[in-house]
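Here is a note for a colleague who is new to reading protein models. Please keep the sequence and the structure open while going through the numbered points.

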Amino acid sequence: MKLSAGDRILKFVIYALLSILAFVTFYPFWNSLVLSLNVGSDTSSGGVTFWPRQFTLENYAVVFQEKNIYSAYLITILRTVIGTVCALLFTSLFAYAMSKKGIMFKKTYMILAVITMFFSGGIIPYFILVYHLQLYDTFLFLVLHGMVNVYNMIIFRTFFMELPDGLEESAKMDGCSNFGVFFRIVLPVSGPVMATLGLFTAVFLWNDWFIPAVFISNQNLIPLQTLLVQIINAGTTASLMTNLNSYAQSMVQNTVTVKSLQMATMMVATLPILMIYPFLQKYFVKGVLVGSLKE
């Protein structure tokens, strides 16, 4: 089909705007990567934009000299994996119950849940509660925090309400209990919405730095993002440099700067979660729409 002049102009404008948006979105990340691969002293003189002017890996060598970087990586990975699995399990269980008819006080539970989306007790009462529950400065708190997300629960609930009643009825006729129906029938057909909400949850847990900064004081339990914030704030830059042995210091003292160190640490903290996106991208639109629309 031949496009008219007006359609061609409109198509050109749309592609131009999308290209500009893509560039504006991608460039800050690319520039941070370039700065992390450039000699820090050379970066200080300016002019480094699209390509490293003096390529080096010394910035990353300094980052991995920090003893806390490995424990921070481990804590972040464990929190992301365990927290995502637990969040999907308990949120979907809650949503499945809320999707069933005849549940006592169902409306009351939904109202109470939705209220938490708009109002909270505040950080100080939350801190007092966590402290008295003896969850302060524990890994268990990092997993429990945000385990049930009401927004995700509503998406799960809407998706479960769309499933044919015949699926559950036939399973119960074969002797399945409610838990059997949920784990053997409902979850296997919930792949798209599980993948989408699982990725959203994993990204949230991976990027969350504020909650650990408030509720975790043990440096061995600090996640990677919280450590990154400390380095960006130059709070641990001095200790990073001090931890280097004398030989390494003699090699990098004239090339590594605070800014190049910050960029390298940012890349170390960001790249792993970005590598997951291409594998789950196809589930984004399908999963969210399936769980958000109901005829």
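1. Valine 258 is a place to begin, and it is found in helix H16, which covers residues 258-274; helices here (H or I, at least four residues) and strands (E, at least two) are DSSP runs, numbered from the N terminus. At 38% relative accessibility, valine 258 counts as partly exposed, given that buried means under 20% relative accessible area, exposed over 50%, and partly exposed in between (1.4 Å probe, protein chains only). Valine 258 and asparagine 233 are 25 residues apart in sequence, and their C-alpha atoms are 9.8 Å apart in space.

2. A word on the basis of these values is needed: this is a predicted model, in which local features need pLDDT of at least 70 and side-chain atom pairs count only at pLDDT 80 or more, while totals for chains, interfaces and linings use all residues. Residues are numbered from 1 along each chain as its sequence is written, and side-chain values use heavy atoms, with hydrogens and water left out.

3. Turning to the chain as a whole, it has 18 helices and zero strands, and 38% of its 295 residues count as buried. The chain exposes about 17300 Å², of which carbon and sulfur atoms supply 69%; accessible areas come from the Shrake-Rupley method with a 1.4 Å probe, and for residues only the protein chains shown count as cover. Among the contacts in the chain with a separation of 6 or more, 73% are between residues 24 or more positions apart, where contact means heavy atoms within 4.5 Å.

4. How many salt bridges does the structure hold? The structure holds one, a salt bridge being a side-chain nitrogen of Lys or Arg within 4 Å of a carboxyl oxygen of Asp or Glu. The partners are arginine 79 and aspartate 208, whose closest N and O atoms are 2.9 Å apart. This pair links distant parts of the chain, since arginine 79 is in helix H4 and aspartate 208 is in the loop between helix H11 (191-207) and helix H12 (210-215), 129 residues apart. Both arginine 79 and aspartate 208 are buried. Side chains of opposite charge can pair when their charged atoms come close.

5. Threonine 84, in helix H4 (residues 68-98), counts as buried at 10% relative accessibility, and, leaving aside its neighbours within four places in sequence, threonine 84 is in contact with Arg79, Gly198, Thr201, Ala202 and Leu205. Glutamine 225, found in helix H13 (residues 224-232), is likewise buried, with 8% relative accessibility; with the neighbours within four places again left aside, glutamine 225 is in contact with Trp206, Asn207, Asp208, Trp209 and Ala269. The C-alpha atoms of glutamine 225 and phenylalanine 210 are 8.8 Å apart, and these two residues are 15 apart in sequence.

6. Helix H5 (residues 106-118) gives the most to the nonpolar patch, with six residues. Isoleucine 111 has its place in helix H5 and is exposed, with a relative accessible area of 53%.

7. How helix H5 sits against helix H8 (residues 150-162) can be described by their axes, which come within 9 Å and cross at roughly 140 degrees. Such axes are lines fitted to C-alpha atoms, for helices over the stretch in contact, and angles run from 0 to 180 degrees between N-to-C directions. H5 and H8 are therefore oblique to each other, because angles under 35 degrees count as roughly parallel, over 145 as roughly antiparallel, 65 to 115 as roughly perpendicular and the rest as oblique. Among the residues that meet are Met110, Ala113 and Met117 in H5, and Tyr151, Ile154 and Arg157 in H8.

8. Phenylalanine 105, in the loop between H4 and H5, has a phi near 60 degrees, a positive value in a residue other than glycine, and phenylalanine 105 is exposed at 52% relative accessible area. Glutamine 134 also has a phi near 60 degrees; it is found in the loop between helix H6 (123-132) and helix H7 (139-144), and is exposed, with a relative accessible area of 69%.
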